2 protein chains.
Amino acid sequence: MTGLILSKAANIYLKLSEAHGLDASTWHAFAQVEALRELSIEKRQQITWMLAEPNLATDAIAMLPNLKWLQSTWAGIDRLLGAGSPKHFTLTNIKGLFAPLMSEYALSHILAHERQLLTHHDAFTRRTWHEHTTGVIRGKTVMLLGMGSIGGGMAHIFKALGLHVIGIMHTPRPVPGVDEVGALKDLAILLPRADYVINVLPNTPDTQDIFDAAFFAQMPTHALFMNVGRGQSVIEADLAEALQTGVIAAAVLDVYRNEPLPIDHVFWDTPHLTLTSHTAAPSFPEEVFEIFKDNLERFSTGQALCHVVDFNKGY
Amino acid sequence: MTGLILSKAANIYLKLSEAHGLDASTWHAFAQVEALRELSIEKRQQITWMLAEPNLATDAIAMLPNLKWLQSTWAGIDRLLGAGSPKHFTLTNIKGLFAPLMSEYALSHILAHERQLLTHHDAFTRRTWHEHTTGVIRGKTVMLLGMGSIGGGMAHIFKALGLHVIGIMHTPRPVPGVDEVGALKDLAILLPRADYVINVLPNTPDTQDIFDAAFFAQMPTHALFMNVGRGQSVIEADLAEALQTGVIAAAVLDVYRNEPLPIDHVFWDTPHLTLTSHTAAPSFPEEVFEIFKDNLERFSTGQALCHVVDFNKGY
């Protein structure tokens, strides 16, 4: 009985394991799935757990008949949840690490929008003393779709900066530091009051395609839409049109239906749109390792694992 | 006995006064100092108070022999403090309005630096899927030079975002929400630990030329320097050289020794330098008016004014 690390950061995880006194002498550690194919069938059959990026794990699972536990190094595990995907193991992901990173991402882009940082940058590049008007975020209203650890953490920081926070969740309940809560069905009432709309919802059947032309039409024309949740929630052609026609003022996207963004995608030429490359909240191996180490101890001693994903719910 | 509004926003101040029931029928309100010259000497002699931008007030004061009170619409009043400037009146400025704006400015640029927003923007402009490494501000150390209302407000927000805050002040005393305090003489010990150094000190004889080559040499090479205080505190050639030679990693400036920045200034070609045009914390007339209205009531009834500037201290 042994384990497999399948990650771009495999060497870092090995070093962290040794530094923490774990016996990694029987483990396999690869940065690419091709190396796994070269292992003998006997050795693959001995592998009962895997620490892996989901995009590498998808190809590896079929080669690991005795896999009991997969620890994802990412929060987003939707590519492991498809109807045809094997589900003969316990899947755990990472939680609680991303609220600060996601909050800093959201803040940086909302502030850049209000402060017109790029306009200012362009003016100074042209040696122009640009006395532009500056906006403020204090006193504005932010709507957060998703009130898990990430949305809750964002709410806390936005409150500290003097914003009014509306939280949208599956089953509304009072949340400390959130001024108003509602469900998706309440959007028609709540959306017209939002200056910034930020999606942090996971990818589930309920959240597919929810950001469409009708949604954007309910936002104020001066408002900004941001998606740091999952790309499958946005009808991308509708968002491009909303930005082209002034239905909303700006958008910031970190996730897309297909990544990397296809070279002929409409977003490359869409105005008032800031694109980033799924880098809002990178997993730092040092932080992932803490979760992995704790779960490995639990796995080895037969205890319940932390951060188990429900294959039916999708999170 | 009457008053004068001398401001680019003169019409807005008049409307606000009327909306608040003040009798402005005998006041003068001009957007430019030239209009004041056309007033008769008798009318100028009747003017006992003035609400004005300091850059306009400097030329007007000599024409107002009976001026008793000048309410500045700016926080920065150093151009009214020179050795030869008239001081036969009480000078009040505005305080307490700028902490949120200054905090948002500082946050926006520190986050843009860590998130490499401009690099990302440039990559996407070239249609490149740019998977850059993202930095975080949480856990970093920020040094604030100046612990008045602006520095104190910034400290509060940086603490909420998980930074370690060092406050530098004239006479160190414990400040709620500030992890460490020190004086300028303690910089040799404290500066090497600062990831971000932000100057919000007013322009006084003590703060002239304090940011020089020796100062930058004590900062870590990965650190960022930001000046939102006064331009006279920075030896600009030393800062340019520190950025050119990698003594420090980056700088953000909103104020300069001469504004607008002269066309042949070294800063236009200095790497790792973000320039903005003294727009970090604009005075919003609606907020300035609240201070003016309160002080006008005090002035009319012989009470002590708020936010009086000490001509000797310079703040």
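Colleague: What makes B:R298 and B:D294 a salt bridge?

Modeller: The closest N and O atoms of B:R298 and B:D294 are 3.1 Å apart. A salt bridge is a side-chain nitrogen of Lys or Arg within 4 Å of a carboxyl oxygen of Asp or Glu, so the pair qualifies. The model is predicted: local features need pLDDT of at least 70, side-chain atom pairs count only at pLDDT 80 or more, and totals for chains, interfaces and linings use all residues, while side-chain values use heavy atoms, with hydrogens and water left out. Residues are numbered from 1 along each chain as its sequence is written, and chains are lettered from A and ligands numbered from 1 in the order in which they are written.

Colleague: Where do B:R298 and B:D294 lie?

Modeller: Both are in helix 11 (residues 285–300) of chain B, 4 residues apart, which is about one turn of the helix. Helices (H or I, at least four residues) and strands (E, at least two) are DSSP runs, numbered from the N terminus.

Colleague: What makes A:D78 and A:R230 a salt bridge, and which parts of the chain hold them?

Modeller: Their closest N and O atoms are 3.0 Å apart, which meets the rule. The pair links distant parts of the chain, 152 residues apart: A:D78 is in the loop between strand 4 (69–72) and strand 5 (90–92) of chain A, and A:R230 in the loop between strand 10 (224–227) and helix 10 (236–244). A:R230 is buried at 17%, whereas A:D78 is partly exposed at 26%.

Colleague: Which helices of chain B supply at least two residues of the side that touches chain A?

Modeller: Helix 5 (98–115), helix 6 (117–125) and helix 7 (149–160) of chain B each do. Helix 5 gives the most, with 10 residues. The residues on that side of chain B divide into 23 nonpolar, 13 polar and 7 charged; Ala, Val, Leu, Ile, Met, Phe, Trp, Tyr, Cys and Pro count as nonpolar, Asp, Glu, Lys and Arg as charged, and the others, Gly among them, as polar.

Colleague: What is the area buried between chain B and chain A?

Modeller: It is about 4,000 Å², of which carbon and sulfur atoms give 68%. Buried area is the accessible area (1.4 Å probe) that two parts lose on being put together, summed over both. B:E104, B:R127 and B:W129 supply 19% of the area that chain B buries against chain A, more than any other three residues.

Colleague: Which residues touch the most other members of the largest nonpolar core?

Modeller: A:F158, A:I198, B:F158 and B:I198 do, in a core of 105 residues. A nonpolar core is a set of buried Ala, Val, Leu, Ile, Met, Phe, Trp, Tyr and Cys residues joined through side-chain atoms within 4.5 Å. Apart from it lies another core of 33 residues, including A:L190 and A:F267.

Note on methods:
Buried < 20%, exposed > 50% of the residue type's maximum accessible area, 1.4 Å probe, protein only.
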